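Let's take a walk through this structure together. Have the sequence and the 3D view open side by side as you read.

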Amino acid sequence: MKRPVREILADAISRDPSIIGAKLGAVVYDLHTPVEAEPSALEPVRTSTPEGLAVLRHSTAHVMADAVQRLFPGTKVTIGPATAHGFYYDFDKPSGPFTDEDLAHIEQKMLEIVEQKRPFRRTVVSRAEAHAHFQKLGESYKRELIDAIPEGEEISLYHHGEGADEWTDLCMGPHVPHTGYLRAVKLVSVAGAYWRGDERNPMLQRIYGTAFATPADLREHLRLLEEAKKRDHRKLGRELELFMFDEHAPAMPFFLPRGAFVYNRLVGYMRSLYERYGYEEVVTPQIFDKKLFETSGHLPNYRENMFLPVTAELLDKAKMDLRLGLHGATDPHSYREADKVRDEAVIGHLDDLERTAQKPMNCPCHCLIFRSRRRSYRELPWRVADFGRLHRYERGGVVHGLARVRSFCQDDAHIFCAPAEMQTEIQSFIDLLYEVYAAVGFAKVDVKLATRPDTRIGTDAQWDDAERALAAAVESRGLGYEVSPGEGAFYGPKLEFHIEDALKRSWQLGTIQVDYALPDRFGLEFTGPDGAAHRPVMLHRAILGSLERFMAVYIEHTGGAFPVWCAPEQATVVTVSEKQDEYAHEVVRALKARGLRATADTSSDKLGAKIRSARLLRVPYILVVGDKEVEARMVAPRSRDLDKNLDPLPLAAFVERLLGEAEPPRLAGRT
RNA sequence: GCUGGCGUAGCUCAAUCGGUAGAGCACCUGCCUUGUAAGCAGGGGGUUAGGGGUUCAAGUCCCCUUGCCAGCUCCA
């Protein structure tokens with residue numbers, strides 16, 4: 001017999017009012033929905049969990065749409081889902097975009113609805129009833145949504161409020177019991193968005209908002225948003241003189257000396273690990289005959305993202321031939337004749353004009369190296385690393401600081417191995433990856449296994465092997481993972497590694513991807529123990545991903561306060577007066593002699609001003625030297641990370657201390 | 001690429017209705033000789049993103065180009 005969830009879980013709910021629904025299997029039901037289940041089969045869903053939050057936010061989206069339609073009659077609703085950090089709702093508002101004042105009014109109206117604790121109700125209707133209901137309201141977008149619901153599936157409406165106050169939306173649910181649960185709500189921003197995400201469709205007005213279980217959670221979230229604004233890597237990049245951009249090379253970063261230092265330190269760190277994990281590094285060209293990318297499949301599949309450079313020689317020749325072609329027209333008075341000759345000349349030269357291409361990826365280079373001579377099974381797995389510069393043409397609207405650029409480099413490597421070696425190689429890669437993430441301070445890592453998409457190449461047996469090897473490797477390291485069905489590349493499945501930064505934002509950095517296709521396209525072979533030719537499998541892998549993007553994440557993660565091991569300046573000596581200048585330089589020399597990075601501020605500023613500038617640059621240690629320190633040959637350090645002054649100590653002792661912090665951390669238990 | 005917005009000194013920002021381009025910081029010079037988050041004074045710095053138009057007069061209004069920002073879409 002079916003009973004409302006509220007009745008079945010009555011005991012639990014009376015003890016814990018944050019229960020807003022219950023899970024039966026994988027489906028979340030709201031409290032008023034009747035289900036047939038024993039209390040033990042129902043798992044309570046609380047607002048404190050991600051699932052519960054999603055319900056809460058989706059309910060908030062309904063209340064916002066209700067408020068909007070009360071304040072702006074004639075505005076049509078479309079869709080309003082929960083997102084990772086809140087929710088949005090898209091409206092068709094004839095009078096144009098919402099303003100900030102509008103948002104304040106809407107928020108006010110939402111609060112009224114929340115205070116009235118209007119209950120959410122669910123009703124199931126027929127397709128015809130649903131159409132009739134929304135047609136009456138003039139909600140033309142809902143028609144499309146109703147039509148998109150598959151035959152045989154329940155069509156449900158959600159209502160909150162009663163009588164004249166009732167507001168109804170087409171919705172699968174579930175929802176919180178009543179609007180009173182929505183007490184920590186904030187509208188964040190407005191944006192344009194296309195109906196169904198398609199730029200050929202009308203532009204809608206989207207309002208982003210967020211909602212939390214408690215006001216304290218909301219405050220914390222808003223604090224993180226503020227903090228994220230302060231830490232924006234584009235702002236810090238300028239302030240800390242890490243990198244710059246210039247209109248002459250849009251979306252291609254220039255790393256300034258301080259930024260380049262950090263960049264190279266990261267590369268150096270990866271190199272040091274490669275040595276330990278059995279990688280070899282190669283250096284490969286930038287520009288290739290386009291035939292390479294026809295072989296690799298990039299030109300057919302990736303052409304719109306590629307830079308196709310042309311040499312001046314080719315260009316001049318084409319221009320010259322064009323001119324000759326035009327002059328050679330038999331009848332200069334006939335446009336048609338001249339046009340024909342010109343068009344033929346143009347077409348004839350187009351191939352030449354794109355005879356070369358900048359590489360967008362390194363993998364084809366490594367395939368060329370692999371097949372440049374015979375390979376034995378004895379030299380597999382062959383792990384080949386490349387910090388080559390890559391160029392991809394990204395569309396104008398998508399570039400963003402260092403996070404999305406057109407010129408970048410990856411901590412890229414490819415592993416060529418026998419299919420049987422895959423799993424071991426993936427395991428070793430996972431070890432390497434976790435060591436790196438620990439060193440740069442990312443403690444929380446989520447693993448996703450992206451499996452075969454509908455359109456794919458390769459045999460099912462290959463896909464089975466590849467997916468199994470990836471899953472087994474993760475499991476062998478005692479890690480959990482989530483499956484993203486159908487999200488793999490068309491040529492193979494992959495693992496994605498997502499980290500959470502200091503502001504609780506998630507970024508995908510690392511990946512390892514199985515590829516049978518490229519070895520096929522390049523006809524790669526190795527000689528097995530049986531003397532016969534075998535085809536290797538190729539693993540594409542990166543840990544930091546693109547160095548540029550990683551810098552963006554890392555700058556925001558650290559707030560520009562790089563750890564001692566990779567900070568461009570580890571210590572700066574500030575003098576109390578110019579009487580200590582000589583000693584300050586001596587301190588710098590002593591630090592540099594041990595491979596440490598130090599500068600002295602001997603400007604005519606007062607001590608307070610010098611300390612302020614050094615702090616703004618996030619220098620890990622500020623060494624104050626006055627007469628007392630000169631006399632005793634000591635330094636008085638101020639620690640950035642402890643945010644306090646340390647006891648003065650002899651120069652030599654400080655050097656030792658700094659040396660102890662100057663190497664990247666290593667995973668315990670490794671050599 | 002699409003929608004909307006923005007572009008004024010190295011940075012952050014002013015400039016009324018279309019009417020003399022300005023401030024703070026930074027930089028340079030000098031003074032000050034300093035004890036834990038901004039010492040004082042003076043100076044240099046601008047084809048107002050670029051180009052075109054309207055006007056007696058354009059940073060301001062219109063058009064084009066370019067770059068950037070927010071979002072959408074994209075990220076085999």
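This is a predicted model: local features need pLDDT of at least 70, side-chain atom pairs count only at pLDDT 80 or more; totals for chains, interfaces and linings use all residues.

Residues are numbered from 1 along each chain as its sequence is written, chains are lettered from A and ligands numbered from 1 in the order in which they are written, and side-chain values use heavy atoms, leaving out hydrogens and water.

Let's begin with chain A as a whole. Its C-alpha atoms fill a box of roughly 90 × 80 × 70 Å, taken along the principal axes. Chain A has 22 helices and 33 strands; these are DSSP runs, with helices (H or I) of at least four residues and strands (E) of at least two, numbered from the N terminus. Of the 671 residues in chain A, 49% are buried, where buried means under 20% relative accessible area, exposed means over 50%, and partly exposed is in between (1.4 Å probe, protein chains only). The accessible surface of chain A comes to about 33,000 Å², and 52% of that belongs to carbon and sulfur atoms. Accessible areas here come from the Shrake-Rupley method with a 1.4 Å probe, and for residues only the protein chains shown count as cover.

A contact here means heavy atoms within 4.5 Å.

Now for the inside. The largest nonpolar core has 63 residues, and Ile426, Tyr437, Leu495 and Phe497 have the most contacts inside it. A second, separate core of 36 residues includes Ala61, Val63, Ile106 and Ile207. A nonpolar core, by the way, is a set of buried Ala, Val, Leu, Ile, Met, Phe, Trp, Tyr and Cys residues joined through side-chain atoms within 4.5 Å.

Take a closer look at helix 15 (residues 422-439), where you'll find Ile430. Ile430 counts as buried because its relative accessibility is 2%. Leaving aside residues up to four places away in sequence, Ile430 touches Ala473, Val474, Arg477, Leu479, Leu495 and Phe497.

Hop over to strand 27 (residues 537-546) and find Leu544. Is Leu544 buried or exposed? Leu544 is buried, because its relative accessible area is 2%. Its C-alpha atom is separated by 5.7 Å from that of Gly510, 34 residues apart along the chain.

Next comes the RNA. There are 44 residues around RNA strand B, and Gly192, Tyr194, Tyr208, Arg612 and Arg615 come nearest; a residue is near a strand if one of its heavy atoms lies within 4 Å of it. The largest share of this surface, 6 residues, comes from helix 20. By class, the surface has 17 nonpolar, 12 polar and 15 charged residues. Here Ala, Val, Leu, Ile, Met, Phe, Trp, Tyr, Cys and Pro count as nonpolar, Asp, Glu, Lys and Arg as charged, and the others, Gly among them, as polar. Of the atoms of RNA strand B within 4 Å of the protein, 46% belong to sugar or phosphate and the rest to bases.

A phosphate oxygen of RNA strand B is 2.9 Å from an N or O atom in the side chain of Arg234. A polar side-chain atom of Tyr491 lies 3.4 Å from a base nitrogen of RNA strand B. The side chain of Tyr491 also makes a polar contact with the side chain of Gln513 (2.8 Å). A polar contact is a pair of N or O atoms within 3.5 Å; within protein, one must be able to donate a hydrogen and the other to accept it, and residues adjacent in sequence count only if both atoms are side-chain atoms. Gln513 itself is in strand 24 (residues 506-515), and it is buried, with a relative accessible area of 11%.

Finally, some backbone details. The peptide bond from Leu380 to Pro381 is cis, with omega near -10°. Asp643 is not a glycine, but has a positive phi of about 50°; it is found in the loop between strand 31 and strand 32 (644-645).
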